[in-house]
Amino acid sequence: MVEIFTSKKKSPDADSSSQGMIQKCFYKSSANIKFSFRRGKKKWHQALLNGYDIEYIVILEDCKLYRTMTQGLMPKVSIIMGSTSDLPVMSGAAEILNQLEIPFEMNALSAHRTPEEVEKFAKGAHARGIKVIIAAAGMAAHLPGVIAAMTPIPVIGVPIKASLEGWDSILAILQMPPGIPVATVALNGSRNSAILAAQMIATGDEALMAKLIAFKNELKSKIVEANNELAQVKYPFKTN
Ligand code: C2R
């Protein structure tokens, strides 16, 4: 089922135009897609906190969240963020995992605001079959390190630029003491976090490795195209 959560300002009717788009998002899913509407940011925030059964959340420009509760697929990657204010950045990771068809879940948890929930999540992730955790946080970003302290699963940290130009979260996530590594990607580097997670899983999954090889080849062809374009740029002193 896909549930659509709207902001207070929008009427549920306004969202019916988005149904086609959502159908498209989930066209590969075997889910029985049925639409229902709920209003209010608080509700979906709560749903994120409580729901470990979320398969996809897709955020579109106008801040609607789409949540499918597809049965049967077990998440391999868990994306955790300190707040839903991190979601505009973290949707980049969701897009990559979706593109590579890796089942994932997304939840908001905070080592500061919901420490008990973080402990429950981190200690239970391995038994639930999660292979990699992507943890994103801004400001005093303790979340990835705290999760890493309580699980044998690799944790990839995404520093979010929320204050002090992001240096606070970069250093908090990067400078872990010996024994509790967090693989830290660039500031707001959510796409790379998902690619790295996929690469970790692919070491034991040949089909996924083949997808990643195709993905990397696509990057190569982008540069070939870019150079073709640059070849058309003419200056009297440009030699190529
Ligand atoms: P709000 O927008 O909710 O005030 O959060 C979040 O990741 C976010 O970037 C502001 C910022 O606080 C971060 N946050 C943490 C933690 N919990 C929330 N760094 C944590 O436990 O580390």
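Student: At roughly what angle do the axes of helix α4 and α8 cross?

Tutor: This is a predicted model, in which local features need pLDDT of at least 70, side-chain atom pairs count only at pLDDT 80 or more, and totals for chains, interfaces and linings use all residues. Residues are numbered from 1 along each chain as its sequence is written. Helices (H or I, at least four residues) and strands (E, at least two) are DSSP runs, numbered from the N terminus, and axes are lines fitted to C-alpha atoms, for helices over the stretch in contact, with angles from 0 to 180 degrees between N-to-C directions. The axes of α4 (residues 87–99) and α8 come within 7 Å, and they cross at roughly 35 degrees.

Student: Is the crossing of α4 past α8 left-handed or right-handed?

Tutor: Look at how the near helix is turned from the far one. Anticlockwise by less than a right angle is left-handed, and clockwise is right-handed. For α4 passing α8, the crossing is right-handed.

Student: How many charged residues are in the contact of α4 with α8?

Tutor: Contact means C-beta atoms, placed from the backbone, within 7 Å. V89, M90, G92, A93, I96 and L97 of α4 make the contact with S190, R191, S193, A194 and I195 of α8. Ala, Val, Leu, Ile, Met, Phe, Trp, Tyr, Cys and Pro count as nonpolar, Asp, Glu, Lys and Arg as charged, and the others, Gly among them, as polar. That gives 7 nonpolar and 3 polar residues, and the charged count is 1.

Student: Is I96 buried or exposed?

Tutor: I96 sits in helix α4 and touches R191, A194 and I195, leaving out residues up to four places away in sequence. A residue is buried if 20 or more other C-beta atoms lie within 10 Å of its own, exposed if 12 or fewer, and partly exposed in between, with C-beta atoms placed from the backbone. I96 has 22 other C-beta atoms within 10 Å, so I96 is buried.

Student: Which elements do the buried residues of α8 pack against?

Tutor: Start with the residues themselves: S190, S193, A194, I195, A197, A198 and I201 are the buried ones in α8. An α-helix has 3.6 residues a turn, so residues three or four places apart point the same way. The buried residues of α8 pack against β5 (77–81), α4, β7, β8 and α9.

Student: What is the count of buried residues in α9?

Tutor: The expected span of a helix is 1.5 Å times one less than its number of residues. For the 26 residues of α9 that is 38 Å, and the end C-alpha atoms are 38 Å apart, so the two agree. Yet α9 is hardly covered, and its count of buried residues is 0.

Student: Now the loops. How far apart in space are A141 and S169?

Tutor: A141 lies in the loop between β7 (132–138) and α6 (143–148). A141 counts as buried because 30 C-beta neighbours lie inside 10 Å. Its contacts beyond four places in sequence are G82, P159, S169, A172 and I173. A141 and S169 are 28 residues apart in sequence, yet their C-alpha distance is 5.0 Å.

Student: Is S163 buried or exposed?

Tutor: S163 belongs to the loop between β8 (155–160) and α7 (167–174). S163 touches G138, M139 and D168, not counting residues up to four places away in sequence. With 12 C-beta neighbours inside 10 Å, S163 is exposed.

Student: Near what value is phi of E165?

Tutor: E165 is in the loop between β8 and α7, and it counts as exposed because it has 10 C-beta neighbours inside 10 Å. Its phi is positive although the residue is not glycine, with a value near 60 degrees.

Terms used. Two residues are in contact if their C-beta atoms, placed from the backbone, lie within 7 Å.
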